[in-house]
Structure formats: C-alpha cells, structure tokens
Amino acid sequence: MTVKTKAIVLKHTFLSEEDKKLYLLSRDYGLIEAKARGVKRLKGTLLNTTEDFCYSDFCLFSGKSGYIVNSADKLDNFFSLRDDIEKMALASYFCELTYYLTPTAENAEVFLRLLCNSLYFLASGKRTPAFLKPVYEFRAMAESGFAPNLVACENCGAYDHKVMYFYPLQGAILCDNCVDSVSPSSQEQTRRFMLTPNVLAALRHILYAELDRLFNFKVNSETLNYLDSISEYYVKLYLERSIKSLEFYHSIKQLS
C-alpha cells in the first residue's frame, strides 16, 4: 500500500553506503521510521530530501517490514541553518527533543506546525535562538501531555498576584499567600521558580496562545534567560534522560 504525507526528517542513520533509515515526524502518522534506498547514487532523487531538517511531501510504501520511501518532493530544507553552527545545534536539539516526545497521529499535525514554524524563525533570523529555545521546549512539553496548570493559584484560585511560584513537579502555581500551605516531602517537590507578573504572562502565552500567535511576544534578555532555566529544567525533569544535542548546543554557546 502506498501512502502520502508531509513529514520532516528529525534524524537519520546509514544502513549501508547508499541506504538510510529516516526518522520522520509525519503529519498523518506521527513519528515513523522509513528506509530510503540509493540516496547516494549519482542519478538518485532522494539525496536532497533525506537530510536532517528537510520538510517534504513523501510518498511511502507501507509494507510488513515498515515504510520505504518511494519519492519525496522538497518543500523546505531550512538551508541557512547550516551557515550558523549555533542555529544548527539548536535545530538538532528541537528535532531530538521531538523524537523523544514521540508524537502520535493524534497530535502530529500540531507538532509538525510547531517544529516547522520554529525552524523557519530560527533559519530566517526573525527570532533569536535565546527566544526560540524556551518557547519550543515549554510548548512541546505541553503538546505531549506535560502541560502544567498556570491558569491560577492551585490553592486559592487567584489569577493575578504580585508574586507567584511555579512548582514543576506538581505542575502548578501558588501565590505567595498560599505558598506556606504546601508541605513538600522531597527536594524535587520543593524546587520552585518565582514568577513575576511579566514572567508568568510569558509562560501563559507560550502554553495557551494559538500557534499562529505563539511567537508574537517580547520580553527582555533577563526574562528570556529565566524562561530558559524554567523550560530546560522542566524538560529534564520529565524526560529523565540526557540529550546529546542539548549538551552540544551548550558547548557551542560557551564558545561564542
């Protein structure tokens, strides 16, 4: 059976000198694996459509042994990412994080839009890596079912307060009037982040904004750094694994 779907290459491995295994985020089927044969042949048509970050219209043969790429028509490969090692490292991290979050057919279309939009803003330079990293991390976690409740204080229901605290393990916020009511029993449960109104507003926007408005907000560099510390901690808390591309991204940042 032949199926067609839009998909982006998250990563690949070589099965032989000419054949690849592609790890695709597909619009219709979620995370899938597909074999691409003869990608290095001189007259092959798949060379430019099977690279990492390449977004294409795929025609796949679906058989008992899995998917095989029949053809692929390139829609975008975000080529300018390859001109900047920091951007390329961050793009690789977005793709690896997406792979570990394992989108299914139910949420694949949203994930694909989120990833492609993030790579577009990153490649075009319309948003900085420092802006895009916490936005992608926090929204991707939310789309995977790890969305915290940032609507109101979990105890008293207050929506606005001078200071609130975010407890990542509980996935909840408490206002400073209610924070003493929590009696955590472990170090992870005590970990919290103080949220000023500006920081809380940014986090709410990242979580709840429509995708076409997700990147339409501004905060200063200090707030971005704080958002980054929150989002990265949240990813590590729930993913419970190291991500090599994130480590590489940080090593590049240290050199810049």
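Guide: This is a predicted model whose residues are numbered from 1 along each chain as its sequence is written. Local features need pLDDT of at least 70, side-chain atom pairs count only at pLDDT 80 or more, totals for chains, interfaces and linings use all residues, and side-chain values use heavy atoms, with hydrogens and water left out.

Visitor: In which hand does α5 pass α6 in their crossing?

Guide: Helices (H or I, at least four residues) and strands (E, at least two) are DSSP runs, numbered from the N terminus. A crossing is left-handed if the near helix is turned anticlockwise from the far one by less than a right angle, and right-handed if clockwise. By this rule, the crossing of α5 past α6 is right-handed.

Visitor: Which residues of α6 make the contact with α5?

Guide: Contact means heavy atoms within 4.5 Å. From α5, the contact involves Val 199, Ala 202 and Leu 203. On the side of α6, the residues are Thr 223, Tyr 226, Leu 227 and Ile 230.

Visitor: How are α5 and α6 oriented to each other?

Guide: Helix α5 (residues 197–208) and helix α6 (residues 221–239) have axes 11 Å apart and pack at an angle of about 60 degrees. Axes are lines fitted to C-alpha atoms, for helices over the stretch in contact, and angles run from 0 to 180 degrees between N-to-C directions. Angles under 35 degrees count as roughly parallel, over 145 as roughly antiparallel, 65 to 115 as roughly perpendicular and the rest as oblique. The pair α5 and α6 is therefore oblique.

Visitor: How is α1 oriented to α3?

Guide: Helix α1 (residues 85–101) packs with helix α3 (residues 129–146) at an angle of about 5 degrees, their axes being 11 Å apart. That angle makes α1 and α3 roughly parallel.

Visitor: Is Ser 118 buried or exposed?

Guide: Ser 118 lies in helix α2 (residues 108–124). Not counting residues up to four places away in sequence, Ser 118 touches Phe 94, Leu 132, Tyr 136 and Phe 215. Buried means under 20% relative accessible area, exposed over 50%, partly exposed in between (1.4 Å probe, protein chains only). With a relative accessible area of 1%, Ser 118 is buried.
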